[in-house]
Amino acid sequence: MIEISDITKLYKNENVEFLALKNVSFKINDGEFVAIMGPSGSGKSTLMHILGALDTPTSGRYLLDGQDVALLTEDELADIRKNKIGFVFQSFNLLPRASVIRNVYLPLVYSGVSKEERVRIAEEKLSATGLPETHFHHLSNQLSGGQMQRVAIARALINNPSLILADEPTGNLDTKTGDLILETFKKLNDAGHTIVLITHEPEVARHAKRIIHIRDGSILKDEILR
Amino acid sequence: MAIFDLLEEIYFALSANKIRSFLTVLGIVIGIGSVIAMVSIGQGAQGSIQSSIQSIGSNLVIVTPGAQRGVGVQVSAGRGSAQTLTQADADAIQKEISSIKQIAPELTRRYQITAKGQNTNTSITGTTPAYPEVRNIAVGEGSFIDAQQMASYSKVAVIGPTVRDDLFGQGAEALGQSIKINGVIFKIVGITQAKGGSGFNNPDDIVYVPLTTAQRFLAGDAYVTTISIEAQDQSSMASVQQQITILLLERHKISDPAAADFGVLTQADIVATASTVTSTFTILLASIAGISLLVGGIGIMNMMLTTVTERTREIGLRKAIGAKKRDINLQFLMEAITLTFLGGMIGVGLGWLLAYLVSLFAGIATSVSWSSVFLAFGVSAAIGVVFGYYPARRASQLNPIEALRYE
């Protein structure tokens, strides 16, 4: 469960101050499928970085499964990311020249899981994303965009995270492939995964069950679709 | 991160750009290889100089005449040019100094020698029967001068193999033949075994005659040019040296040791002097080679910095999925160390090969010591740490958000 209360984020340059988030509060329950939607510069990326434990807020509280993430050190944040969060990026961010399997199990390398176990889990997660088994041992740069994103989703799933954070996951894909990827997210949500989708496209956001509209660093509207 | 996973990551990273990795390693290979080769040449030279000094005898103390000085004259001729040592000095040393095993005075001059129309100019050493033992000379054919020949002023000679080759032809039968030294006929009674060596101090280009004969028929006086003394053991060399100095000062009626008209050198002194020269030479060679190693290290740093920049997004991703600073730091540092260690290993092989080729083709003795091999490994790993540290640190300190956005 995610509980954000009264979060602000202030960026400071030498003489310019920019308030990216202004007193944002919301709650996401386990098993939800939420889209955070807003135009560029609305603060949604900042919010994603905080939700993903890549950054800490200037003030406010962020409880992830009851733990206050806002107060953690850099290494403790790394542990949170390793154990509780799965990232899916717009540009996939796969290791080139590495096999699909190796890309998927990479987070487990940092958890100290044995290689046999890693391969087994990676294959299981890849199957869940619908990537054909014949592609498991291909190099990641031999895949199409849609296939790459499936590999990235499998990687995000590998540590059974509390939260899957997808940052514009369809941004680099054509509409048809994008829809297939969104369909995959829907299936994962049906299987019980909590998904937060960050996007600026209303058509993409509509695939979620709830949309948090954000503009100029504040929540504009919290809309429940189904 | 488990060690095996770390090695796997390093393998993938380094094999992703094989040519670049190879060229970077090459810098270290050349650096380490040249250090090994240069040090081996230096140590080989040291070894061969030391063994040639050892070959002139063991526990040897040598007394030579000093420079010739007139009363109140500040100009001195070269050391050894004076005629200040006599047969009587040698006898006194033998009689009065303890812990002496053997003593062999000698009178060495250069003379023209002829035999059957061939002639050569070489040094003639008049000496005593103890000489072979003191100066480590072995007789190959015939025998050395004996006491009876000494006592009877016999005109007999023992010649070195080089003299034999010069006068009678390569390996010819010379025993029993006659030679003319400075117009006096001598009969060859022995030929020494070859010791090897060449140039100014060829120990095989020499003729030995009885000291008495040399003094009477060749030099015409009772002076000696060198007194070689074999001390009983290594520990008594210094005391023998000191006793001889005191004795000769007294005999020559000199009160100030600084004004001594003779010199007393031990073999250890000669070895020490030669060692200073060769170790300076070794350090010089090694430091020149060390510079190329430094350049190799800078190459490592350059490549690692390029790698870190190229892989910024990868570093961002690794951090996003839970890698800690320490993990990233270790990965990049180990990549650098792997490169240098690999370079060190190949470099040792190359150095060994170079040392072998140098001794094969240039005829210079080389010796690759284990200490220099281990040192090379240590140094190459240390270079990895030193030159890999900064790039690895830079990688580990990247902000994951910025790294992920890096284009």
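**Where chain A meets chain B**

Hi everyone, let's start at the meeting point: between chain A and chain B there are five salt bridges. By salt bridge I mean a side-chain nitrogen of Lys or Arg within 4 Å of a carboxyl oxygen of Asp or Glu.

A few ground rules before we go on. This is a predicted model, where local features need pLDDT of at least 70 and side-chain atom pairs count only at pLDDT 80 or more, while totals for chains, interfaces and linings use all residues. Residues are numbered from 1 along each chain as its sequence is written, chains are lettered from A in the order in which they are written, and side-chain values use heavy atoms, with hydrogens and water left out.

Now, two of the salt bridges. Asp5(B) pairs with Arg118(A), with the closest N and O atoms 2.8 Å apart. Arg102(A) meets Glu9(B) in another, at 3.4 Å from N to O. Arg102(A) lies in helix 3 of chain A and Glu9(B) in helix 1 (residues 3-15) of chain B, so this pair joins two chains. Helices here are DSSP runs of H or I with at least four residues, strands are runs of E with at least two, and both are numbered from the N terminus.

How many residues does each chain bring to the contact? Chain A gives 24 and chain B gives 23, where contact means heavy atoms within 4.5 Å. Together the two chains bury about 2300 Å², 57% of it on carbon and sulfur atoms. Buried area is the accessible area (1.4 Å probe) that two parts lose on being put together, summed over both. In chain A, Asn93(A), Arg102(A) and Tyr110(A) lose the most area to chain B, together 27% of what that side buries.

There are also eight residue pairs in polar contact between the chains, both residues at pLDDT 80 or more. That term means N or O atoms within 3.5 Å; within protein, one must be able to donate a hydrogen and the other to accept it, and residues adjacent in sequence count only if both atoms are side-chain atoms. On the side of chain A that touches chain B, helix 2 (74-84), helix 3 (100-109) and helix 4 (115-129) each supply at least two residues. Helix 2 of chain A has the largest share, six residues.

Let's step inside chain A for a moment. Ser99(A) sits in the loop between strand 6 (85-88) and helix 3. Its C-alpha atom is 4.1 Å from that of Leu139(A), although the two are 40 residues apart along the chain.

Finally, how confident is the predictor? Chain B averages a pLDDT of 87, with 95% of the residues scoring at least 70; pLDDT is the predictor's confidence in each residue, from 0 to 100. Over residues 72-77 of chain B, pLDDT stays under 50. Where pLDDT is low, the predicted coordinates should not be read in detail.
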